[in-house]
Amino acid sequence: MKKTIIIFILINSLLSGCKYEPIYSQKKINFQISEIQIQNENKINLNIEKRLYAYKNVNSLKKIKLDLNSEKTITISSKDSRGDPKKFEMQIIIYLTVTKNENFTKKIEFIEKFKYNNTLNKFDLRAYEQNIEENLVNKIYQEILVYLSTI
């Protein structure tokens, strides 16, 4: 009985020492986005701009201007014996130009790809493609945050 109580207290003290904190919390951001320019108002650009807007009000000495453009392509990666599409590949490319303190400019591309199967129901296929697009944009957004914190 004493062993179980001691083990319970030990495990409880170890687990209570863990502290959850979001990776990209506002406290640890070391940059401020002073301006975001998008080249064209497509869904991907507006989605990234909306997410990055939260970093415009951060107080930091490292002020960054962003120029954002994106491109989405869906290609047929394989066909069946009749020539109908069997698999597709969605690719999203984000072109980002970062200007820091007016003397540092860097152009970078973020690329994410995903292959998926075709379905007979085109409504389900479009819904699935929207889900894939959202996931790819989310991955790229996280990569952008990591990149901006390291420059």
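Which is it for Asp84: buried, exposed or partly exposed? Asp84 is partly exposed, because its relative accessible area is 35%. The cut-offs are these: buried is under 20% relative accessible area, exposed is over 50%, and partly exposed lies in between, with a 1.4 Å probe and protein chains only.

Some ground rules. This is a predicted model, where local features need pLDDT of at least 70, side-chain atom pairs count only at pLDDT 80 or more, and totals for chains, interfaces and linings use all residues. Numbering starts from 1 along each chain as its sequence is written, and side-chain values use heavy atoms, with hydrogens and water left out.

Now the sheet. It is open, has four strands in the order 1-2-3-4, and its pairing is mixed. Strands and helices are DSSP runs numbered from the N terminus: E of at least two residues for strands, H or I of at least four for helices. Two strands pair if DSSP finds at least two bridges between them. Strand 1 (32–38) and strand 4 sit at the edges with a single partner strand each, so one side of each has no neighbour in the sheet. On average, neighbouring strands are turned by 25° against each other, direction ignored.

Strands 3 and 4 run antiparallel, joined by 14 bridges.

Next, helix 3. It packs on the sheet and touches strand 1, strand 2, strand 3 and strand 4, its direction making about 150° with that of strand 4. Contact means heavy atoms within 4.5 Å. Axes are lines fitted to C-alpha atoms, for helices over the stretch in contact, and angles run from 0 to 180 degrees between N-to-C directions.

Glu133 is in helix 3 (residues 122–150). Glu133 is buried, because its relative accessibility is 7%. Leaving out residues up to four places away in sequence, Glu133 touches Lys43, Ile44, Lys72, Met90 and Ile92.

Salt bridges, then. The rule is a side-chain nitrogen of Lys or Arg within 4 Å of a carboxyl oxygen of Asp or Glu. The count is five. One of them joins Arg126 and Glu129, with the closest N and O atoms 2.6 Å apart. Both residues lie in helix 3, three residues apart, about one turn. Arg126 is partly exposed at 46%. Glu129 is buried at 7%.

Back to Asp84. Shared partners link Asp80, Arg82 and Asp84 into one network. Arg82 meets Asp80 at 3.9 Å, N to O, and Asp84 at 3.4 Å. Arg82 is exposed at 68%. Asp80 is partly exposed at 27%.
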